[in-house]
Amino acid sequence: MSLPEHITEIKEHLTEVGLPAKIDAAVILGSGLGSFGDHIEDPVVIPYGDIPSFPVSTVEGHSGSLIFGTIEGRTVLAFSGRFHHYEGHTFAKTVLPVQLSKAFEVDKLIISNAAGGINLRFKVGDLMIIDSIIKQFFMISEPADHNWRYDLEQSAARVKEIATGLGIDTQMGTYLFAKGPSYESKAEIRAFRYMGGDAVGMSTAPELAEAGKLGVKAAAISLITNAAAGVVNQKLDHDEVKEAADQKKEVFASLVKGLIRDF
Ligand code: HPA
C-alpha cells in the first residue's frame, strides 16, 4: 500500500531532526488528553507548525505538536492535537497521523478521543473501548475500507483484557461519528441511540478506517466527557470536556501505557 508523497517527505524531515526510521507505537491524543505527553521520557517536542506539509490543529485543548520519546523502553510517537474534518481539513488530511504511523512502521496505534455519552448507563469520566463504528451518515468521502470492523472487535476484546488486568473499569461500545462542528441536537441524540450509538464524537472514524486500509493494528478509546445533548438537562460546552479529561488523565495514562506494552 503506497503512502502519499508528502508523508515520505514528512518522515524524511523527522528522521533528519533525529527520529528513528522505525517507532514501536503511536498514540493520537484526543481533546484534553494531551497531558499524556508528560509521561513520555526524553521527549522531543516538534510543533506541527515546524514540520513541512503538516496541517496545524486549531481546536482549543489540542496543542498541536508531535512528541517523540520512550515509555518503559519502547519508542513512542504521540500526536498531541489532531485534525478534524470540521476544522476544514479534507478527510485525506485528517488521517495523516495514521499514514505517518504506517511510514514509521509502528506495531500499534492507539487512538483516543473525547466523546459524548449516548448510552444512558454511561457516566461522565467513563472510558469506552470502541468495538464498532457508525459513520455512514456524515462521511462524505472516505478512504475505501473493507473488513476492518471485524479487526476492531478483536482489538477491543484485547484492550478489555489489558484494562481488566490493570484493574481499570471500562465500557465497551459503538462510536458514532458526527461531522460537527456544533454539538448535536436532542433529537439527533435520540435518533443516534435508536441506531445503536453508545458515544458520539467528531474524530476517530476516518482514522480507524485508514488504519484498516493500511494494515496498521489499532485500538480506540473514548473518554466520555459529557452526557450527549438531551441525556441530562444541561447545556454542552467545551470546558466541560476539558474538565472531565483532566480528572481522568492518570487512569487514561495508565491504560495507554498498558496498551503500549501489551496490545
Ligand atoms: N458530541 C460530539 N462530540 C463530542 C461530544 C459530544 O457531545 N463531547 C465530546 N466530543
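**Entry 1: a pair in helix α4**

I looked up R158 and found that it forms a salt bridge with E161. The closest N and O atoms of R158 and E161 are 2.5 Å apart. I note that this is a predicted model, so every value here is computed. Both residues belong to helix α4, which covers residues 148-165. Because R158 and E161 are three residues apart in that helix, about one helical turn separates them. I then checked how open R158 is: its relative accessibility is 31%, so I put it down as partly exposed.

**Entry 2: the salt bridges around R261**

How many salt bridges does the structure hold? I wrote down seven. One of them joins R261 to E72, with 3.0 Å between the closest N and O atoms. This pair links distant parts of the chain, since R261 and E72 are 189 residues apart. I placed R261 in helix α8 (residues 249-262) and E72 in the loop between β3 (65-71) and β4 (74-80).

I also found a salt bridge between the side chains of R261 and D262, at 3.6 Å from N to O. Through shared partners, E72, R261 and D262 are joined into one network.

Are these three residues buried, partly exposed or exposed? I looked up each in turn. R261 has a relative accessibility of 28%, so it counts as partly exposed. E72 comes out at 40% and is partly exposed. D262, at 36%, is partly exposed too.

I turned to strand β6, residues 127-134. Six of its eight residues are buried, so the strand is largely enclosed by the rest of the structure.

Which strands pair with β6? I found β7 (residues 171-177), which pairs with β6 in the parallel sense over six bridges. I also found β9 (residues 218-227), which runs antiparallel to β6 and is joined to it by three bridges.

I followed I129 to see both pairings. In β7, its bridge partner is M172. In β9, I129 stands opposite I221.

**Entry 3: a charged patch**

Last, I looked at the surface. What charge does the patch made by E5, E9, E12 and E16 carry? I recorded it as negative. I looked up one of its members, E5, in more detail. E5 is found in helix α1, residues 5-16. Its relative accessibility is 63%, and the cut-off for exposed is over 50%, so E5 counts as exposed.

Technical notes:
Residues are numbered from 1 along each chain as its sequence is written. This is a predicted model: local features need pLDDT of at least 70, side-chain atom pairs count only at pLDDT 80 or more; totals for chains, interfaces and linings use all residues. Side-chain values use heavy atoms; hydrogens and water are left out. Patches are made of residues with over 30% relative accessible area and no salt bridge: like charges are joined within 9 Å, nonpolar side chains (Val, Leu, Ile, Met, Phe, Trp, Tyr) within 5 Å. Accessible areas come from the Shrake-Rupley method with a 1.4 Å probe; for residues, only the protein chains shown count as cover. A salt bridge is a side-chain nitrogen of Lys or Arg within 4 Å of a carboxyl oxygen of Asp or Glu. Lys and Arg count as positive and Asp and Glu as negative; His and the chain ends are not counted. The place of a charge is taken as NZ of Lys, CZ of Arg, CG of Asp or CD of Glu. Helices (H or I, at least four residues) and strands (E, at least two) are DSSP runs, numbered from the N terminus. Buried means under 20% relative accessible area, exposed over 50%, partly exposed in between (1.4 Å probe, protein chains only). Two strands pair if DSSP finds at least two bridges between them.
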